[in-house]
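Subject: Structure for you to look at

Dear colleague,

Please find below the structure that I promised to hand over.

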Amino acid sequence: MELFTDGACRGNPGAGGWGAVLRYGENEREIHGGAGQSTNNRMELTAIIMALKELKRPCRVRITTDSQYVLKGINEWLPNWKKRNWKTANRKPVLNQDLWRELDRLASGHEISWQWVRGHSGHPENERADRLANRGIDELTGTA
């Protein structure tokens, strides 16, 4: 299973959108949505969460994202946040903790490998996920 995800925000904070392309073999599906007051980081996390929620059974999944925040969070910061009761190294509450907890819960049911791509660099599925995220904002704000 492959998931290609992206988040977008106009204003940051501002109207946000998320999008994902789900691929299993020859089969593909696109999903997207939006949120009123949000941030780019929240939309990046939401895109992955919503894509994982579409999976009906445990899978081997490759998630491709252009978010360094998500990759560093899931691979480097998350274990220590959990050890410190969801506090940063500076003893402050982890931002977007609700989404990180949900991502951690959903990810635990799958065998996930993470891949980073540079945003807006022509990667076809990342560009599709970006268009879907922007569609989520457009539909939310009535500019679609």
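The lining of the largest pocket is made up of five nonpolar residues, one polar residue and six charged ones, where Ala, Val, Leu, Ile, Met, Phe, Trp, Tyr, Cys and Pro count as nonpolar, Asp, Glu, Lys and Arg as charged, and the others, Gly among them, as polar. Please keep in mind that this is a predicted model, in which local features need pLDDT of at least 70 and side-chain atom pairs count only at pLDDT 80 or more, while totals for chains, interfaces and linings use all residues. Residues are numbered from 1 along each chain as its sequence is written, and side-chain values use heavy atoms, with hydrogens and water left out.

The volume of the largest pocket is about 230 Å³, and its lining includes Arg23, Glu28, Lys56 and Cys59. Strand E2 (14-24) and strand E3 (27-38) are the elements that give two or more residues to this lining; strands (E, at least two residues) and helices (H or I, at least four) are DSSP runs, numbered from the N terminus. A pocket here is an open set of points on a 1 Å grid over the protein atoms alone, where a 1.4 Å probe fits, with protein on both sides within 12 Å along at least five of seven lines, and lining residues have an atom within 4 Å of a point. The volume is the space filled by probe spheres set on the points, which are joined across faces, edges and corners.

The structure holds 13 salt bridges, each being a side-chain nitrogen of Lys or Arg within 4 Å of a carboxyl oxygen of Asp or Glu. Arg23 forms one with Glu28 (2.7 Å, N to O) and another with Glu125, where the closest N and O atoms are also 2.7 Å apart. Because Arg23 lies in strand E2 and Glu125 in helix H4, the latter pair ties together parts that are 102 residues apart in sequence. Arg23 counts as buried at 15% relative accessibility, and Glu125 is buried at 14%, whereas Glu28, at 39%, is partly exposed (buried means under 20% relative accessible area, exposed over 50%, partly exposed in between, with a 1.4 Å probe and protein chains only). Arg23, Glu28 and Glu125 are among the residues linked in a network of salt bridges.

Finally, Asp130, in helix H4 (residues 124-141), is buried yet has no salt bridge.

With best wishes

Terms used
Lys, Arg positive; Asp, Glu negative; His and termini not counted.
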